[in-house]
Amino acid sequence: MSNELKTKNFVVEKLPGLAGTVPPPPAENFSIKTLLRQDLGFLPVLVTLLIIVVFFQISTNGIFLDPRNISNLLQQVVSVGIIGIAAVLVLLLGEIDLSLAAVSQTCGAITAVLSVYQEWNGWAAILVGLVAGAAIGLVNGFFIAVLRVPSFIVTLAGSIFYAGILLLVLGRQTTLTVRDPILRDLAPNYMDNLFGWLVPLVGIGLYIAFVLLEQRRRAAIGLKTKTPLRLGIQFSLTVIVPVAVIWLLQSYNGVPIAGLIWVGLVVTFWILLTRTTYGRHLYAVGGNSEAARRAGINTTLMKLSIFALASTLAAFAGIMLLSRSTAAASQIDSTLLLRAIAAAVIGGVSLFGGRGSIWAVVLGALVIGSLENGLTLQDQEQSIKNVIEGVVLILAVTADALARRSSNRR
Amino acid sequence: MSEKVTAKTAGIGVPRLQLKGINKTFGAVRALMNVDFEAYAGEVVGLVGDNGAGKSTLIKVISGVYIPDSGDYFIEGESVHITSPQDANRLGIETVYQDLALCDNLDVVANLWLGREELLMGTLNEVEMERLTLNVLRSLDVKIPSVRVPVAALSGGQRQSIAVAKTILRKPKVVLLDEPTAALGVAQTKQVLQLIRRLREQGLAVVVISHNLHDVFEVVDRAIVMRLGRRSATFDIKSTTPEKVVGAITGAEFGEIPAGTEAEV
């Protein structure tokens, strides 16, 4: 702390003219290029999503955007979306975790077994499931961060190992149905109308207040501020999109609790990644691990904690999945992992580390979920679904590789 | 040995940084033999020499990467014991290596404050960090389009400047620059040389390792020449010529004409 204070004095004493006077705040250049780089970096994915939505809306004669279908869609993407958050964390580090789906289902099964066979309280069973996830993540992280084994191999081996543990835990059962009301009610229920509106709107209000406060602080000391036009667009979007979605959902059964939990997790991790030193250091380690180390960041601890966090999130997704399907399955869903990683990558998170936002997962999961949902509405075969999802994923990864190449060309 | 140091650039007061009788061997190779080194506040010292002359070894001893076999290390006249780069940093010795150690994906502000971020109620104080960043860049006369672009988007000279600014935030006493102009074009080299002058104006002792004699004559006050692990000569740049410095680097000064070897300058 004293070091920082010294720095400030140093800077100020070097610049006597700047310490006292405040020049008028320069307005920021409002160009398409800066917009594309900053707020509208998601534009390509957003356009893709819109095209998919419009296509299915027409080809299913309006069923796709039916409130009931939107509600289903939102609940379908929650597990992929939560594992997707985990995938983003690991990808930002420049690593990969192929065991997320196996960990997810294994921890869900552990929770189910504790609840059904040991007759534990639902919350206690959930807690143990989450702790199991964290422990698995620490084991993964130990091999990757401390022993420096490539994460690809560690988590590939891990996924096979945990699939085995899943079979062991469930014993001879191929599915284990849970009856505990706590576990059954977690995912499929809806918020009542008042809270369905209140919680998101309070969140949006807080966000707008914080942005305005920061703009005022910037203006007060003469830093660049956003133009009113840009702020207007930014705020209208953050109000209009959620309000439209909530309105749609309210005209069916209300806001699904699972959906709200997912968005809540995304917001929490968004704050963690963009507003705390932990998040800043995560991006630094992913961008240039050696530079981060020299800046005094404990890269080993960072990797350990991220893998632990990712596996805990995966475990939570597994518990949500358990709640939604009311049963633990002994068979690993082979597409769960790939869809989660695809959601992150389609949303623009780089496979090479350090680039991408957590919001990528929302867009990516919606793209994947919409494809899956729309193709199901069209009664398409699984073969066709896989082909189309595969094509979308390869396009997204190609776009990432090309973008990376062009940004490296200076 | 030709010691041509004027009173103007050196010898006034106590050196900021002084090394005496440094020896360092790697197995049978004697990389440094009884080397003295000194840098005063407000001067730019050029450390020049051919490949394998011991420049890099000496810089690594100064920055704490290597521990010398014998010799003494003084900062502002006080004997210090440096066993790691962190020790050196703590005592105000900052080194900018050729790889710059920047995170390309982070913006200028994030890079400058990496590992020592300003906080406001537990969260990053972006406004304050941006303000201080602008102040530091202005004090160094560094011009970049925006402090909110990822450093990947900046030119080589700008990146070099950011790496230097990062060390300045730590209020160093001595800044070591390893080949700061090696990978740069003409205009960018000019920027970086200007930056080095600004560091000198701020009263720092600046040590520049360079292969480029043109740059050395542009910006350096005093050149220390290393040859075959020894400090072979010291020149006051204002009263010497490139030929003499090249002579000292290649050993031609002592009459031994290097057969078929060009001095790498």
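**Close-up views of a predicted two-chain model**

**Figure 1. Chain A, overall composition.** Of the 410 residues in chain A, 40% are buried. The model shown here and in the following views is predicted. The secondary structure of chain A consists of 18 helices and two strands. Among contacts in chain A with a separation of 6 or more, 80% join residues 24 or more positions apart.

**Figure 2. Confidence along chain A.** The average pLDDT of chain A is 86, and 88% of the residues score at least 70. Within chain A, helix α7 (residues 122-146) has the highest confidence, with a mean of 96, whereas helix α2 (residues 16-20) has the lowest, with a mean of 35. Over residues 1-30 of chain A, pLDDT remains under 50, and the model has 37 contacts beyond four places in sequence for this segment. Where pLDDT is low, the predicted coordinates should not be read in detail.

Figure 3. Helix α13 (residues 277-287) of chain A is largely enclosed by the rest of the structure, because nine of its eleven residues are buried. The buried residues of α13(A) are Gly279(A), Arg280(A), His281(A), Leu282(A), Tyr283(A), Ala284(A), Val285(A), Gly286(A) and Gly287(A). The elements covering these buried residues come from both chains: they include α5 (67-92), α12 (257-275), α14 (289-294) and α15 (299-325) of chain A, and α3 (108-112) and β9 (123-124) of chain B.

**Figure 4. The contact between chains A and B.** Chain A contributes 34 residues to the contact, and chain B contributes 27 residues. On the side of chain A that touches chain B, at least two residues each are supplied by α1 (2-14), α10 (193-220), α13, α14 and α18 (382-408). Helix α1(A) provides the largest share of that side, with seven residues. By residue class, the side of chain A that touches chain B comprises 13 charged, twelve nonpolar and nine polar residues. Helix α1(A) spans residues 2-14, and pLDDT is under 50 over residues 1-30 of chain A.

**Figure 5. The largest nonpolar core.** This core has 185 residues, and those with the most contacts inside it are Ile83(A), Ile85(A), Val88(A), Ala344(A) and Val206(B). Apart from its neighbours within four places in sequence, Val88(A) is in contact with Ala344(A), Val349(A), Gly356(A), Ile358(A), Ala360(A) and Val361(A).

**Figure 6. Chain B, overall composition.** Eight helices and 13 strands form the secondary structure of chain B. Chain B is as compact as a globular protein of its length, because its radius of gyration of 19 Å is close to the 18 Å that the globule rule gives for 265 residues. Along the principal axes, the C-alpha atoms of chain B fill a box of roughly 65 × 40 × 40 Å. Of the 265 residues in chain B, 49% count as buried. Residues 24 or more positions apart make up 68% of the chain B contacts with a separation of 6 or more.

**Figure 7. A four-stranded sheet in chain B.** Four strands of chain B form an open sheet in the order β3-β2-β5-β6, with antiparallel pairing. Strands β3 (29-39) and β6 (78-79) of chain B stand at the edges with a single partner strand each, so one side of each has no neighbour in the sheet. Strand β2 (residues 17-26) of chain B runs antiparallel to β3(B), and seven bridges join the two. Lys24(B) has Leu32(B) as its bridge partner in β3(B). Strands of a sheet pair through backbone hydrogen bonds, either parallel or antiparallel.

Note on methods: Residues numbered from 1 in each chain as written. Chains lettered and ligands numbered in written order. Predicted model: local features only at pLDDT ≥ 70, side-chain atom pairs only at ≥ 80, totals over all residues. Buried ≥ 20, exposed ≤ 12 C-beta atoms within 10 Å, placed from the backbone. Contact = placed C-beta atoms within 7 Å. Rg over C-alpha atoms; globule rule 2.2 N^0.38 Å. Nonpolar A, V, L, I, M, F, W, Y, C, P; charged D, E, K, R; others polar. pLDDT = per-residue confidence, 0-100. Core = buried A, V, L, I, M, F, W, Y, C linked by C-beta atoms within 7 Å. Pairing = 2+ DSSP bridges.
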